[in-house]
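Subject: Structure for you to look at

Hi,

Here is the structure I promised to pass on. Have a look at it first, and then read my notes below.

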Amino acid sequence: MKTTSLPLHHSGGATKSPDQAKLLGRVLPAGPLGYGWIGLHYPVNPYPLAPHIQNAVIEAVRTQIAAINNYPDSDTSVLRTKLAGYVADHARIAVTHENIWVANGCNEVLRQIFRTFAGPGGTVLGLEPSYRYFPVIAEAAGTQWSSVPTRTFPQRDIDAALTAIGKCQPDVVVIASPNNPSGDSFSIDMFEEVLHRLRSGILVIDETYIEMSTKDSAVQLIHRYPEKVVLCRTLSKAFTFAGGRLGYMIAGPQIINALRATQLPYHVSSITQAAAAVIIDRADEILAKVPELLLECERMVAYLQREGFDIPHSDAHFFLMGKFKDAHAVWEAYADIGIVLGDVGLPHYLRVSAGLPHENDQFLEATSNLLDLGKIAL
Ligand code: PMP
């Protein structure tokens, strides 16, 4: 394994999120100040699929069931072509099926990239704070995880990050934009700076939340750096398909072929392929809900800022809320009344993901009550 003298963090990984672990066995109250169960901890799209789209998915799956004795298309050709069309339309850039690879969720895409381009003995580097499963996925790929801490959090110290990348020369740099849990986005200029510092490694830009972002996708970089840039995306968030498990990557054909060469045969089931194809066909209709969700998020942020909370700017439908003396104690205070927020390992901030409007109303009301009761110390 490679070692480094940089001030990097190495993680052994964990399979259960702190929220899940803390909720196990807890009986959530209903009653005075009890909200039963409001989960604002997962940054998914809270709006379910419209009934007519659900029916279209069921029909597509029904057709597959009639031929379920056969293996699925190992090349996932229909899905790759549809996704290429979606990406090209939205980025106004030429993208074909040769630029797309799909798997069962972005997590699987990431594992395959880490395995193929870093693997045992290699290093994957990320910037803190970031997606808590990056180190877990690196471990699953048998790879060393290193991260550059952000000492100026919630501001980013980009210069320090670039210096660390230049010194470490990892096999893979992974950066989520918008980032989870902080919601901040990185500029295309910053990505180019990373690329200039990487001698042979690749840059993975995780665009899981791109549909929520006001920023342009970095997809143009795949043509400028066809052997060095990979984007990964998912249908889990804006597309409301987290349970369906479909993620994809966008890259130059050489990178795509390297991944296809190491994929398991028939890795995406015919049911997943058929259901996901319906979701992509209905992209415009499904994504029309995103502005509503973002308005809800803005409404929550404005209210919380008036109440005196620190909310670093977010470019997604979730945000960090602080600055608490003890974020874990505040998490407990909310959980005690049936509201679950994201405890994302930051000592002074919790992550809040916009829910349905009535859930957001209850969360805001509960926040005022907890402040009045002195249960939130800022
Ligand atoms: N990357 C980031 C930054 C995420 O936040 C998530 C999900 N929370 C993923 C990847 C994984 O997405 P998927 O459901 O497609 O595996």
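Two strands are said to pair if DSSP finds at least two bridges between them. Helices (H or I, at least four residues) and strands (E, at least two) are themselves DSSP runs, numbered from the N terminus. By that rule, strand E8 (residues 202-206) and E9 run parallel and are joined by 4 bridges.

Two notes before you go further. This is a predicted model, in which local features need pLDDT of at least 70 and side-chain atom pairs count only at pLDDT 80 or more, while totals for chains, interfaces and linings use all residues. Residues are numbered from 1 along each chain as its sequence is written.

The strands around E9

Cys-232 is the bridge partner of Asp-206.

E9 also pairs with strand E10 (residues 247-251), this time in the antiparallel sense over 5 bridges. Which residue of E10 is the bridge partner of Leu-231? That is Ile-250, which also stands opposite Ile-100. Ile-100 belongs to strand E4 (residues 100-103), where Ile-100 and Val-102 point one way, Trp-101 and Ala-103 the other, and all are buried. E4 and E10 pair in the antiparallel sense over 4 bridges.

The ligand shell

Among the residues around the ligand are Asp-206, Thr-234 and Gly-247, where a residue counts as near if its C-beta atom, placed from the backbone, lies within 6 Å of the molecule. Others in this shell include Asn-107, Tyr-131, Asn-180 and Ser-236. By class, the shell has 4 nonpolar, 7 polar and 1 charged residues. (Ala, Val, Leu, Ile, Met, Phe, Trp, Tyr, Cys and Pro count as nonpolar, Asp, Glu, Lys and Arg as charged, and the others, Gly among them, as polar.)

Two domains

The domain assignment gives domain 1 (18-47 + 289-372) and domain 2 (51-282); such bounds come from an automatic or database assignment. Their C-alpha centres lie 27 Å apart. In all, 20 residues of domain 1 are in contact with 21 residues of domain 2, contact being C-beta atoms, placed from the backbone, within 7 Å. On the domain 1 side, helix H12 (290-306) and E11 each supply at least two residues, and E11 gives the most, with 3. That side has 12 nonpolar, 6 polar and 2 charged residues.

E11 (residues 318-321) pairs with E13 in the antiparallel sense over 4 bridges, and Leu-320 stands opposite Arg-351. In E13 (residues 350-353), Leu-350 and Val-352 point one way and Arg-351 and Ser-353 the other, and all are buried.

Is Asp-189 buried or exposed? Asp-189 counts as exposed because there are 8 C-beta neighbours inside 10 Å. This residue is in helix H7 (residues 188-197).

Happy to go through any of this with you.

Best wishes

Definitions and conventions
Buried ≥ 20, exposed ≤ 12 C-beta atoms within 10 Å, placed from the backbone. Contact = placed C-beta atoms within 7 Å.
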